[in-house]
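Okay, thanks for coming, everyone. Let me put the structure up and walk you through a few pieces of it.

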Amino acid sequence: YVLKDTINAYEYIVELVGRLHKNTLTKVLVIDDSASVRAMLQEMLRIQFIQVVTAENGREGITKLWQQPDIKLVLVDHEMPVMDGFTFLSTVRRKLSKVQLAVIGISGSENKQLSAQFLKMGANDFIAKPFSYEELACRVRQNLEMQEGIEAVRYIAFHDYLTGLLNRRAFFEQGAVLFNQNIKHANPLAVAVIDIDFFKKINDAYGHDAGDITLKHFAAILVEHFGANLVARIGGEEFAVLIDETTNVEARFEALRLHVASAIVDFNNMQIAYTISIGLTQQSQSGLNAMLKLADTNLYTAKNSGRNQLVA
Ligand code: GH3
Ligand code: MG
Ligand code: MG
Ligand code: MG
Ligand code: MG
């Protein structure tokens, strides 16, 4: 009875925590033609606070996967009617890499080649039946942790630590993708390069920390105005925006400039005022770099014409 009560209490906690964290629970897809295997795997994962989605064959698995892009990991059987594990895997890998989705193959077959085949076809890992609860838990954990680690590294690689904006690398990579998509559909684009005026003087007069706060302050204003677009910190006090529409763009950047010019940064009893210069172009070019060059030329003109202005 003591054991039973303990199990009941544990189950209750699992249920409760599961319900509380419904939205943040890691989602795993289990694909197996056997209802009892699905039920067993579901139970084993559920007590690890994992949200389980199930499918009876590869085809159903594919459908669920495309419908639920928040699925982080798939446990897939080998032999199944309609679509087997290998076909499922090769279909998935045409769209999602090992880094984007972890797939663990499972099979009870005597054929020892299966594990190697699964791995060669792009599985992240393989579990042979019969397996212990411990082994399943460890392998699932390990693969999920690896995904999380890669995700964290990717975030760091593409974001600026100080402002949280996209960094220069992300701007050029994501910008090129956006640029090519829009060129294909003949959509007009706008590119702006924004530079804080006399930023060196802010550092000199108020200190480097105040300079950092000013950069964060500007980044927040920039997101307020252009958060729906591709916004990045591409240099020390230089920012870039790529917009895939051209209505009112000049007026919107002018509003940004005026907002900054009338704002005050409050830091350690210092009131810091600053301005920005903006180089904007809406002239279609063969590539993102060419557009940036035009925007840069306009920025240079803005700087040489007295700063705190927009040149388009
Ligand atoms: P201009 O109006 O011509 O742009 O003048 P400026 O002083 O803004 O330009 P300059 O290129 O001479 O100086 C930029 C300064 O920005 C130099 C550098 O020390 C500072 N800077 C670059 N990155 C950071 C940062 O992350 N934090 C702080 N506090 N300063 C930075
Ligand atoms: Mg099977
Ligand atoms: Mg500057
Ligand atoms: Mg400069
Ligand atoms: Mg600069």
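Let me start with one residue pair: alanine 232 sits opposite alanine 240, which is in β8. Before going on, this is a predicted model, where local features need pLDDT of at least 70, side-chain atom pairs count only at pLDDT 80 or more, and totals for chains, interfaces and linings use all residues. Residues are numbered from 1 along each chain as its sequence is written, and chains are lettered from A and ligands numbered from 1 in the order in which they are written.

Back to that pair. Strands β7 (residues 230-233) and β8 (residues 238-243) run antiparallel and are joined by four bridges, with a hairpin of four residues linking them. On terms: helices (H or I, at least four residues) and strands (E, at least two) are DSSP runs, numbered from the N terminus, and two strands pair if DSSP finds at least two bridges between them.

Now the open sheet. Five strands pair in parallel, in the order β2-β1-β3-β4-β5. At the edges stand β2 (50-55) and β5 (125-128), each with a single partner strand, so one side of each has no neighbour in the sheet. Neighbouring strands are turned by 20° against each other on average, direction ignored. Inside the sheet, β1 (residues 26-31) and β3 (residues 71-77) pair over five bridges, and leucine 29 has valine 74 in β3 as its bridge partner.

What lies across β1, β3 and β4 (102-107)? That's helix α4 (residues 85-93), running at about 150° to β3. Axes here are lines fitted to C-alpha atoms, for helices over the stretch in contact, and angles run from 0 to 180 degrees between N-to-C directions. Contact means C-beta atoms, placed from the backbone, within 7 Å.

Next, helix α10 (residues 249-262). Its buried residues are Val249, Phe253, Leu256 and Val260. They cover an arc of only 50° around the axis, so they are on the same side of α10; the arc is that of the directions from the helix axis to the C-beta atoms. Facing away from that buried side are the exposed residues Ala251, Ala255 and Ser262. Buried means 20 or more other C-beta atoms within 10 Å of a residue's own, exposed means 12 or fewer, partly exposed is in between, and C-beta atoms are placed from the backbone. The cover over the buried residues includes β6 (190-196), α9 (208-226) and β8.

Last one: aspartate 33, in the loop between β1 and α2 (35-46). Aspartate 33 is partly exposed, because 17 other C-beta atoms lie within 10 Å.

Terms used. Contact = placed C-beta atoms within 7 Å.
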